[in-house]
Amino acid sequence: MTVSVMLADYHAPLHAKALIDLLDAYASDPAGGGEGLCDDVKRGLIPAMASRPDAFSVLAWECLPEDGGLRPIGLINCFEGFSTFAARPLVNVHDVAVLPGYRGRGVAQAMLARVEEEARRRGACKLTLEVLEGNQPAMRLYQREGFAPYALDPAWGTAVMMQKPL
């Protein structure tokens, strides 16, 4: 299997469709909450992402040998934040999605490498992400790729991701 990994162009219809389809598949998966995207999100996501200079996405495509076409198989959405302790940007890896038939084949690693390349180009000091503790395959992947729990002082423990819906 040959995989092509690239930054998504939110203005390219093929990329926009791939992003929505892959994110909908991820949202429908138990690891993504088990409920697909609603129609309002499907309509509004691409224009919203395109309007944010802090957003970028990476798409992975399987190169089809029979006709030279491409099949979308993976997605990472990222958003730039800011580290006050480093006075530099950081990049939050927000969604990591690989279609089930392609998991465990290096697709996520290739996309994370492209994310890191873009983060370095933007002058970011670090990558951040959140992962459900029960998603052990993802936890192992992220650890292999150099991610680790975050702590300023081990005596205070590691950071805990929390949310407050609005």
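This is a predicted model: local features need pLDDT of at least 70, side-chain atom pairs count only at pLDDT 80 or more; totals for chains, interfaces and linings use all residues.
Strand S3, residues 70-83, pairs with S4 in the antiparallel sense, and the pairing extends over ten bridges. Another position in this pairing is Asn77, which stands opposite Asp95 in S4.

How many residues lie between S3 and S4? The two strands form a hairpin with four residues between them. Ala87 deserves attention here, as its place is in the loop between S3 and S4. Its phi is near 55 degrees, a positive value in a residue other than glycine. Is Ala87 buried or exposed? Ala87 has a relative accessibility of 56%, and therefore counts as exposed.

I turn now to the other partner of S4. Strand S5, residues 127-129, pairs with S4 in the parallel sense, over three bridges. The chain goes from S4 to S5 by way of helix H3, residues 107-121, and this β-α-β crossover is right-handed. Within the pairing, Val91 stands opposite Leu127 in S5, and Val93 stands opposite Leu129 in S5.

Why is S4 described as largely enclosed by the rest of the structure? Strand S4 comprises residues 88-98, and eight of its eleven residues are buried, so the rest of the structure largely encloses this strand.

Next, the other side of S3. Strands S2 and S3 pair in the antiparallel sense over nine bridges, with Cys63 opposite Leu70 in S3. These two strands also form a hairpin, with six residues between them. In that turn, Gly68 has a positive phi of about 75 degrees.

Let me move to the helices.

Helix H2, residues 39-50, has buried residues at Leu45, Ile46 and Met49. Seen down the axis of H2, its buried residues fall within an arc of 80 degrees, so they line one face of the helix. As background, an α-helix has 3.6 residues a turn, so residues three or four places apart point the same way. What covers the buried residues of H2? The covering elements include H1, S2 and S3. On the other side of H2, the exposed residues are Asp39, Asp40, Arg43 and Pro47.

Between H1 and H2 there is a loop, and Glu35 is found in it. Glu35 counts as exposed because its relative accessibility is 63%. Leaving aside residues up to four places away in sequence, Glu35 touches Ala27 and Ser28. Glu35 and Pro13 are 22 residues apart in sequence, and their C-alpha atoms are 24 Å apart in space.

My last topic is aromatic residues. How many aromatic pairs does the structure hold? It holds one. The ring centres of Tyr142 and Phe147 are 5.9 Å apart and the ring planes lie at 70 degrees, so this pair is edge-to-face. The cut-off behind that term is a plane angle over 60 degrees. Tyr142 is buried, with a relative accessible area of 9%. Phe147, at 17% relative accessibility, also counts as buried, because the limit for that term is under 20%.

To close, I return to S4. Strand S4 pairs with S3 in the antiparallel sense and with S5 in the parallel sense, and eight of its eleven residues are buried. Thank you.

Definitions and conventions:
Residues are numbered from 1 along each chain as its sequence is written. Side-chain values use heavy atoms; hydrogens and water are left out. Rings of Phe, Tyr and Trp (its six-membered ring) pair if their centres lie within 6.5 Å; planes under 30 degrees apart count as stacked, over 60 as edge-to-face and the rest as tilted. Buried means under 20% relative accessible area, exposed over 50%, partly exposed in between (1.4 Å probe, protein chains only). Two strands pair if DSSP finds at least two bridges between them. A crossover is right-handed if, with the strands pointing away from the viewer, the path from the first strand over the helix to the second runs clockwise. The arc is that of the directions from the helix axis to the C-beta atoms. Contact means heavy atoms within 4.5 Å.
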